[in-house]
Amino acid sequence: MQNEQEFSKAEKFWMNFKLYQLWRFIVLNVKVYTIAVQSKFH
Amino acid sequence: MAKILVIGAGFAGHTAALYLGNQLGRKHEITVMSNRDVFGYVPSWVWVGVGHMKPEQTIFKLKPVYDRMHVKFVHAAAKEIHPDASDQFVVAEEIGTGKEVRWSYDYLVIAPGPLLNFAGTPGLGPENGFTHSICSLPHAIKTRDAYLALCERMKKGEKVKIVVGTGHPGATCQGAAFEYIVNVHKDLLKKGLRDKADILWLSNEPELGDFGVNGVQIKRNGIVQKSSEFIKSVFNDHGIRYQVRTGVTKVEEGKIHWQNYEGEEGITEFDFSMLIPQFKGQPFKYIGKDGEDVSAKMVNPAGFVLVDGKYGLPYPELSQTPEAWPAQYNNPTYPNVFAAGIAFAPPGPISKPFTNKNNLLIAPAPPRTGMVSGVIGRVVAMNIVDLVKTGKMTHQERMTEMVAACIASMGDNLWDGNAVTIVMRPVVPDRKKYANEFGRDLFISHLEMGLSGAWMKFMLHYTFIWKFKGLFGWKLIPE
């Protein structure tokens, strides 16, 4: 965020840049799955 | 042979039933009692509410799943619970016939979901009031119809006021309301009608992005970012006005009455409004063996089941006492009775409560839906498996240890959709374990907006329905 009020142009670009978002999709899935699956051992 | 009865077939009850059926179903009697014969995937009702998903895509019949999982299904509404040791049974009314059924148990899981307390706010709700809800599938369908009718008015050039948020000073599930408001924004944008709508977020949160969990905090490039700033940016970007620290007290046709932290009273006009009601526990009767009322041993005044938490701590003390949150979710007086999901009584709020000068308590209740419900359902089921097999429980997970991931979609298009992905650990801050003022793991906690979130939301819809159908590999999918 460029300040507390709004997203910058660069942030908006990355939010919709498909290749970067594919990378984020993989990263987020790995992150969420890894931490969520830890719960199974409680 | 142990008899295990699960009341309710939502995220918590159904998850518990799957694990119980899988682990004990062949040798013991597992029964699910529910007043609905379908499972509803609640997170997608947001899309139903804007007409982007057919209702039938969010539900499936329970009985075929239970037949495969060695679980009996009773289509009945539970009315009375008789928990005394020598005489334990549940009385219910069979749906369709109205016949009374009596079901005995050795272990009971209470997971019927919330009572939507529209009556707690005069004029609230789609049945006897003037606002809409996405908290049940019939409500979401009604909301969709009203929303689409509103769009028709806008197409004719009418300017309208839309209000979305919480309909009670103690309501929870701000996340669902947030997802709905951004979906409405995105849908109107696509329809070319956004300029015809003034959209307002009206909520009981202490600040934007609180979501009833004291907000989400993350560390990025060494700087701590808060969900309040993030959600403010989202709303500013979308042209959505916001008003927080507000408790709705009454609704009339086209008018929402509220009070804020300062004790000011005001009226907000609307043409269409979706407000989440207060949640309460289901109004079961708890009856002892001599016919006496044992509710005081079983539930708190709101009807939520008392479990192994420390109740009655004032907020400042509770916020520093992670061990006050329940770990195994069974009742201290009747230890073979468990509660899962929204049904268990939390020891207090997660967000800081506030009482204004008019003595109105404005305090978001702790959210216990979705992932939290599923995890508790599994913990309860695995402990019952332990008790049946070894007589000793080995599983526990407090909300102060639990991870939650939440994806709030903004439109459902895979090409230009968007979503906020929120990950927090733990759900309830643990200021003893995490040495920062937020009590959160700032490395794991995550807040991000982008197209990837929209893909994840879609993926979760299909993978979770796969899981809840108990299909191949369902146990590999986390709650």
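Here are a few questions and answers on chain B of this predicted model. Residues are numbered from 1 along each chain as its sequence is written, and chains are lettered from A in the order in which they are written. Since we're on a prediction, local features need pLDDT of at least 70 and side-chain atom pairs count only at pLDDT 80 or more, while totals for chains, interfaces and linings use all residues.

Q: What is the radius of gyration of chain B, and what does the globule rule give for 479 residues?
A: The radius is taken over C-alpha atoms, and the rule is 2.2 Å times the number of residues to the power 0.38. Chain B is as compact as a globular protein of that length, because the rule gives 23 Å and the radius of gyration is close to that, at 22 Å.

Q: Which element gives the most to the side of chain B that touches chain A?
A: Call two residues in contact if their C-beta atoms, placed from the backbone, lie within 7 Å. The contact then takes 28 residues from chain B and 22 residues from chain A. Elements giving two or more residues on the chain B side include α9 (371-389) and α10 (451-468), but the top giver, with five residues, is α6(B).

Q: How many of the 19 residues of α9(B) are buried?
A: Helices here are DSSP runs (H or I, at least four residues). Buried means 20 or more other C-beta atoms within 10 Å of a residue's own, with C-beta atoms placed from the backbone. α9(B) is largely enclosed by the rest of the structure, because the buried count is 16.

Notes. Buried ≥ 20, exposed ≤ 12 C-beta atoms within 10 Å, placed from the backbone.
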